[in-house]
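The following note sets out points on the structure shown below.

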Amino acid sequence: MATINIGSIKFKWQGAYAGGTAYTVDDVVSYNGSSYICILASTGNLPTNATYWEQMSSAGTNGTNGTDVGTTITTQGDILYRDGSGLQRLGAGTSGQVLQTGGTGANPSWTTVSSDMVKLAQIDAGASPAQGHSLDGYFSSTYENYRLVLNGVHMASGNSGTRVGFYFMRSGSNLTGNNTYILMRNKVASGSQGWGESQEYAWDSSTLMRITQDNENATAYTISGTFDLFNVNETNRYAQIVGTLTSQNSGAGDFYSQIFAGRHNTTGAMSGIHLRATADTLDGGTITLYGMK
């Protein structure tokens with residue numbers, strides 16, 4: 001009667017195929033992602049040789065639909081997504097774009113963020129003290145109107161009689177004539193109660209469109225406010241600037257609330273806006289310009 005070794009009636013896993021290894025019947029190896037069982041003892045015969053090996057399982061493809069992910073996404077920044085038929089590649093967008101979904105049944109895409117209000121430029125008056133600061137060359141057809149924000153703009157010495165105001169700019173030059181403005185101011189004096197109001201105005205003046213009155217010899221006078229600019233791109237309408245602001249005289253402790261409106265009385269597109277002190281240096285705070293659609 002024949003003797004059978006029960007322990008030999010099983011597959012013997014040998015790991016990855018090695019050309020120098022002697023394989024016997026029922027040895028199982030892996031090769032190129034598939035598995036093979038030895039059916040005839042040999043050495044040096046690849047598992048693809050059907051005389052010595054029989055395939056047990058075949059390597060599949062990457063992806064859920066038979067698509068090889070490694071060949072679908074090929075470049076750094078690629079994104080893999082599924083469309084109506086299978087896996088697809090979305091190449092990298094341009095700098096600053098964001099990924100946008102089209103909702104159910106649509107593919108993702110890159111898009112440029114569009115905002116109705118965009119910061120265009122900012123001047124740090126503390127980093128570059130000067131009597132005047134210009135924001136020029138930022139007006140364009142991209143934006144219909146603009147907003148200017150003054151945040152803690154500071155006057156260096158508080159020279160008596162100093163005023164701060166605006167000039168519109170055309171082709172890079174300040175428009176120092178034909179300016180009309182209205183300024184209304186409420187003042188709270190240090191240690192006092194009650195209310196009071198003053199105003200000034202000028203028609204077709206060659207002065208600044210003033211946003212402050214005499215600073216009363218303040219040693220540290222700061223201005224903060226928001227101003228909207230209109231018609232700056234128009235060729236047949238007057239450019240206007242309208243805003244509200246607060247200013248404080250820390251030397252005397254006085255506090256002011258002001259309403260301002262200004263206009264340049266000649267037609268033609270503007271190129272910028274200029275903030276200026278009449279007899280002092282603006283040496284602190286920021287001046288920021290925004291475009292508004």
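1. Asparagine 178 is partly exposed, at 35% relative accessibility; here buried means under 20% relative accessible area, exposed over 50%, and partly exposed in between (1.4 Å probe, protein chains only). Asparagine 178 lies in the loop between β15 and β16 (179–188), and has a positive phi of about 60 degrees although it is not a glycine. Most residues other than glycine have a negative phi.

2. On the basis of the note: this is a predicted model, in which local features need pLDDT of at least 70, side-chain atom pairs count only at pLDDT 80 or more, and totals for chains, interfaces and linings use all residues. Residues are numbered from 1 along each chain as its sequence is written, and side-chain values use heavy atoms, with hydrogens and water left out.

3. Serine 171 also has a positive phi, of about 55 degrees, without being a glycine. This serine 171 is in the loop between β14 and β15 (173–174) and is exposed, at 70% relative accessibility.

4. The protein has 1 helix and 23 strands; helices (H or I, at least four residues) and strands (E, at least two) are DSSP runs, numbered from the N terminus. Of its 293 residues, 34% count as buried.

5. The largest nonpolar core has 36 residues, and Leu148, Leu150, Phe166, Phe168, Ile211 and Phe260 touch the most other members. Such a core is a set of buried Ala, Val, Leu, Ile, Met, Phe, Trp, Tyr and Cys residues joined through side-chain atoms within 4.5 Å. Strand β13 (residues 145–155) supplies the largest share of this core, 5 residues. Another core, of 6 residues, lies apart from it and includes Tyr23, Tyr36, Cys38 and Trp53.

6. Leaving aside neighbours within four places in sequence, phenylalanine 260 is in contact with residues including Phe166, Tyr181, Ile211 and Phe227, where contact means heavy atoms within 4.5 Å.

7. Which residue's side chain reaches the backbone oxygen of alanine 279? That of threonine 162 does so, at 3.4 Å; a polar contact is a pair of N or O atoms within 3.5 Å, where within protein one must be able to donate a hydrogen and the other to accept it, and residues adjacent in sequence count only if both atoms are side-chain atoms. Threonine 162 is in the loop between β13 and β14 (164–170) and is buried, with a relative accessible area of 0%.

8. Tyrosine 201, in strand β17 (residues 197–205), is exposed, with a relative accessible area of 64%.
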